[in-house]
Amino acid sequence: MLEESRRIWAFRLDKFCAVLGGLVPVGIAIGNIGFESIIGIVGLCWIIRSIVTKENPLGRIIKHPLVIPWIVWFASIVISLLVNGHGTKGWAHDFVFIRYLLFVMALLDVSQRLPVFKYLLYGLVGSIIWVAVNTISAYVFGYDIFGKPLIRYTGKLKEASRISGLTAYASAFFIAWGIFDKSLSNKKKSIIIGVGLVALILVFQTHIRTAILASLAGILFCVTCFFRKRISPAMALTVILLFIFTVAVFFQVKGMWNLSSVYARIYIWKVAWVMWLDNPLFGVGVSSFQDVYREIATSGAVAEFVAPDGRVRMLNEATHAHNIFLMLISCTGILGFTAFSWLLVNTVRIAMKNINGFRVAWISCMVVLLVIGITGFNIYHSWYQALLAFLIVFIGSNIEMNPKDSYE
């Protein structure tokens with residue numbers, strides 16, 4: 001009787017983790033309290049499940065090709081913290097990155113017993129619907145459902161920042177899936193591509209160039225790869241040039257060609273590079289980045305950048321390096337960069353191993369990640385870590401197993 005009770009509770013906790021994990025994109029759209037609560041609760045419920053069933057899942061989940069790289073990546077954060085000490089954000093800021101590791105391990109483990117990928121897929125669709133409704137509400141009434149003003153949806157911070165990142169991945173994924181999955185009926189193709197187009201519109205309305213370019217790059221990469229043997233090189237080049245021309249016209253009409261922010265980032269890159277040179281193996285630490293950046297920038301050790309327009313760029317404050325490579329090496333050194341590269345390579349291998357069904361669109365997410373990383377989001381920002389964890393689980397979850405077998 002006791003064993004049966006344990007089995008029932010184990011199933012309930014698995015199901016709860018899978019459903020809640022699928023809501024991460026919706027949580028990201030809502031804000032910090034949304035996704036942070038989900039990330040923390042999933043990890044906690046997974047631990048409770050282990051206690052209820054009296055089993056240690058580490059021996060099982062450690063074999064997954066995405067787990068050890070993430071553990072090493074987290075270890076690089078902790079080692080850098082121990083070597084450098086904490087910044088003004090405190091030691092807990094860096095240590096609690098463990099919550100993303102626990103979230104990934106939890107759902108990868110649950111995916112051995114339940115079709116986690118389905119819940120994540122439904123959650124991604126739900127997040128696009130949620131964002132669309134809130135955006136429409138903000139434009140029509142001036143406020144979204146929670147009473148947040150329109151400016152939070154059209155600026156580069158707050159909701160606009162999170163939405164641009166979320167929809168950049170979602171638009172590329174759904175459009176690529178709808179176009180290239182041959183098993184879909186015409187009706188399903190239309191619905192999936194429609195979701196992707198809605199997400200693409202949402203990316204464009206944020207006016208965040210990096211997210212727009214990343215989304216389009218993910219779509220264009222998939223189109224080029226899958227049509228390379230079906231059309232002539234001349235036709236492929238024509239399509240690419242037409243695509244680029246269309247984007248250029250949009251940027252021109254919207255007045256988005258101002259490169260002032262790009263010039264400012266060049267100075268940030270120079271400072272971040274010096275930060276790494278001073279601490280090549282372990283970096284300066286994640287919580288210490290802003291403090292060390294300010295110290296170096298104000299010391300005069302890095303010369304200002306003179307832009308082509310003649311203006312001098314020299315920023316004394318920066319929240320992150322605005323480049324995924326420089327952020328990784330400046331914060332966690334060669335160790336952190338190597339660990340993340342290991343994680344990324346293994347993720348791509350899994351994505352390329354099976355390209356049937358919606359899995360055909362996974363590679364678009366990897367392209368978006370790399371393009372966004374050139375000048376965009378902070379890889380160590382809480383919402384971006386949550387989104388990355390969601391994508392890693394989405395790609396790495398066991399989609400070949402028969403879920404019923406684990407509970408019969």
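**View 1. The crossing of H16 and H17 is left-handed.** Left-handed here means that the near helix is turned anticlockwise from the far one by less than a right angle. This is a predicted model, in which local features need pLDDT of at least 70, side-chain atom pairs count only at pLDDT 80 or more, and totals for chains, interfaces and linings use all residues. Residues are numbered from 1 along each chain as its sequence is written, and side-chain values use heavy atoms, leaving out hydrogens and water. Helices are DSSP runs (H or I, at least four residues), numbered from the N terminus.

**View 2. Helix H16 (residues 324–353) packs with helix H17 (residues 362–375).** Their axes, lines fitted to C-alpha atoms over the stretch in contact, lie 11 Å apart at an angle of about 165°. H16 is therefore roughly antiparallel to H17 (an angle over 145 degrees, on a scale from 0 to 180 degrees between N-to-C directions). Look for contacts (heavy atoms within 4.5 Å): residues of H16 including Phe340 and Leu344 meet residues of H17, among them Trp362 and Met366.

**View 3. Phe358 sits in the loop between H16 and H17.** With 7% relative accessibility, Phe358 counts as buried (under 20% relative accessible area, with a 1.4 Å probe and protein chains only). Leaving aside residues up to four places away in sequence, Phe358 touches Phe117, Leu121, Phe173, Trp177, Asp181 and Phe394.

**View 4. Helix H10 (residues 158–180) is mostly covered.** Of its 23 residues, 21 are buried. H10 reaches 34 Å from its first C-alpha to its last, close to the 33 Å expected (1.5 Å times one less than its number of residues).

Notes. Helix = DSSP H or I, 4+ residues; strand = E, 2+ residues; numbered from the N terminus. Parallel < 35°, antiparallel > 145°, perpendicular 65-115°, else oblique. Buried < 20%, exposed > 50% of the residue type's maximum accessible area, 1.4 Å probe, protein only.
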